[in-house]
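Hi,

Here is the structure I promised to pass on. Have a look at it first, and then read my notes below.

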Amino acid sequence: MKQKRFDEVSSPGNVPAAEERILEFWEKERTFEKSVEARSGAGDFVFYEGPPTANGLPGVHHVMARLCKDVVCRYKTMRGFRVVRKGGWDTHGLPVEIEVENKLGLASKEQIEAIGIGEFNARCRESVFTYEKEWKRFTQRIGYWLDMENPYITCANDYIESVWWMLKEFWKNGLLYEGHKIVPYCPRCGTSLSSHEVSQGYKDVSDPSIFVRFKAAGGGESFLVWTTTPWTLISNAALAVGADF
């Protein structure tokens with residue numbers, strides 16, 4: 001089923017009058033801000049929202065995730081905590097880069113280098129705030145209490161430096177180690193992919209099986225191998241063989 005955009009179901013005609021009055025009252029009385037200010041000196045419960053990327057419109061599916069966050073924060077507020085809710089913007093990652101590549105009609109990383117990495121980065125910074133107003137309206141519309149006037153922004157130097165500081169603290173306390181992990185990799189983008197990024201372009205396709213000949217080390221013989229996963233061949237280092245296989 002196709003996901004609906006939030007603005008397709010949140011027009012004024014679809015919003016109950018009672019809800020409108022509640023939202024207007026909260027905004028006029030600064031109810032959210034007072035819930036934080038009035039608890040100065042109480043125990044803190046700090047919430048940093050996993051930041052959205054504002055180069056895409058919010059959808060109805062974002063409501064459920066924010067509902068769960070809001071329930072926890074409101075519960076902690078009712079328990080007497082000073083609940084600081086800080087919003088943020090995710091300005092990194094492939095979704096941002098691919099959006100800009102599509103707008104510029106770029107098909108390869110070489111083309112990015114041709115126009116200049118500095119220029120491309122500048123375009124990405126502009127792109128990530130394309131729908132900032134829509135996200136703010138969406139946040140207010142669903143009654144989600146969040147400080148969006150003082151957000152953290154992942155491309156800002158103070159945020160980047162704070163991440164490096166945390167990494168340094170992990171290292172100082174012996175909490176980092178080097179290991180190996182198999183991850184999805186995109187040869188076009190030249191980077192590993194998260195499961196979320198893989199799912200963005202997921203589709204069912206028909207792939208043929210193939211036969212590959214592997215020469216045996218130190219001899220003229222070869223092994224004829226059949227595989228239904230040819231995309232793994234570029235990372236193959238050896239064959240596992242056995243008389244009973």
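Predicted model: local features only at pLDDT ≥ 70, side-chain atom pairs only at ≥ 80, totals over all residues.

In general, side chains of opposite charge can pair when their charged atoms come close.

Two packed helices are described by the angle between their axes and the distance between the axes. For helix H3 (residues 61-78) and helix H7 (residues 132-141), the axes come within 11 Å and cross at roughly 55 degrees. That angle makes H3 oblique to H7. The crossing of H3 past H7 is right-handed. On the H3 side, the contact is made by His-62, Val-63 and Arg-66, and on the H7 side by Trp-135, Phe-138 and Thr-139. Sorted by class, the residues of this contact between H3 and H7 are three nonpolar, two polar and one charged.

There is another helix pair to look at. Helix H4 (residues 94-104) and helix H6 (residues 117-127) have axes that come within 9 Å and cross at roughly 110 degrees. Here the angle makes H4 roughly perpendicular to H6. From H4, the residues involved are Val-96, Glu-97, Glu-99, Val-100, Glu-101, Lys-103 and Leu-104, and they meet Phe-120, Arg-123, Cys-124 and Ser-127 of H6. The contact of H4 with H6 counts five nonpolar, one polar and five charged residues.

Back to charges for a moment. How many salt bridges does a search of the whole structure find? The total is 15. One of them joins the side chains of Lys-109 and Glu-97, at 3.6 Å from N to O. Lys-109 is in helix H5 (residues 109-115) and Glu-97 is in helix H4, so this pair too links distant parts of the chain, twelve residues apart. Is Lys-109 buried or exposed? It is buried, because its relative accessible area is 17%. Glu-97, on the other hand, is partly exposed, since its value is 29%. Both belong to a network of salt bridges that links Glu-97, Glu-101, Lys-109 and Arg-188.

Arg-30 is worth a stop as well. Its salt bridge is with Glu-37, with the closest N and O atoms 2.8 Å apart. Arg-30 lies in the loop between helix H1 (17-29) and H2. Although Arg-30 is not a glycine, it has a positive phi of about 55 degrees. Its relative accessibility is 37%, so Arg-30 counts as partly exposed. Glu-37 is partly exposed too, because its relative accessibility comes to 46%.

In helix H2 (residues 31-37) you will find Ser-35. Ser-35 has a relative accessible area of 12%, which means that it is buried. Not counting residues up to four places away in sequence, Ser-35 touches Thr-77 and Trp-145.

Thr-191 is part of strand E5 (residues 191-192), and at 28% relative accessibility Thr-191 counts as partly exposed. Which residues is Thr-191 in contact with, leaving aside its neighbours within four places in sequence? They are Leu-94, Tyr-185 and Cys-186. Leu-94 is 97 residues away from Thr-191 in sequence, and their C-alpha atoms are 9.2 Å apart in space.

Gly-179 is in the loop between helix H8 (157-172) and strand E4 (185-186). With a relative accessible area of 47%, Gly-179 is partly exposed. Between the C-alpha atoms of Gly-179 and Ala-42 there are 42 Å, and the two residues are 137 residues apart along the chain.

Cheers

Key:
Residues numbered from 1 in each chain as written. Heavy atoms only, no water. Axes fitted to C-alpha atoms, helices over the stretch in contact; angles between N-to-C directions. Helix = DSSP H or I, 4+ residues; strand = E, 2+ residues; numbered from the N terminus. Parallel < 35°, antiparallel > 145°, perpendicular 65-115°, else oblique. Left-handed = near helix turned anticlockwise from the far one by under 90°. Contact = heavy atoms within 4.5 Å. Nonpolar A, V, L, I, M, F, W, Y, C, P; charged D, E, K, R; others polar. Salt bridge = Lys/Arg side-chain N within 4 Å of Asp/Glu carboxyl O. Buried < 20%, exposed > 50% of the residue type's maximum accessible area, 1.4 Å probe, protein only.
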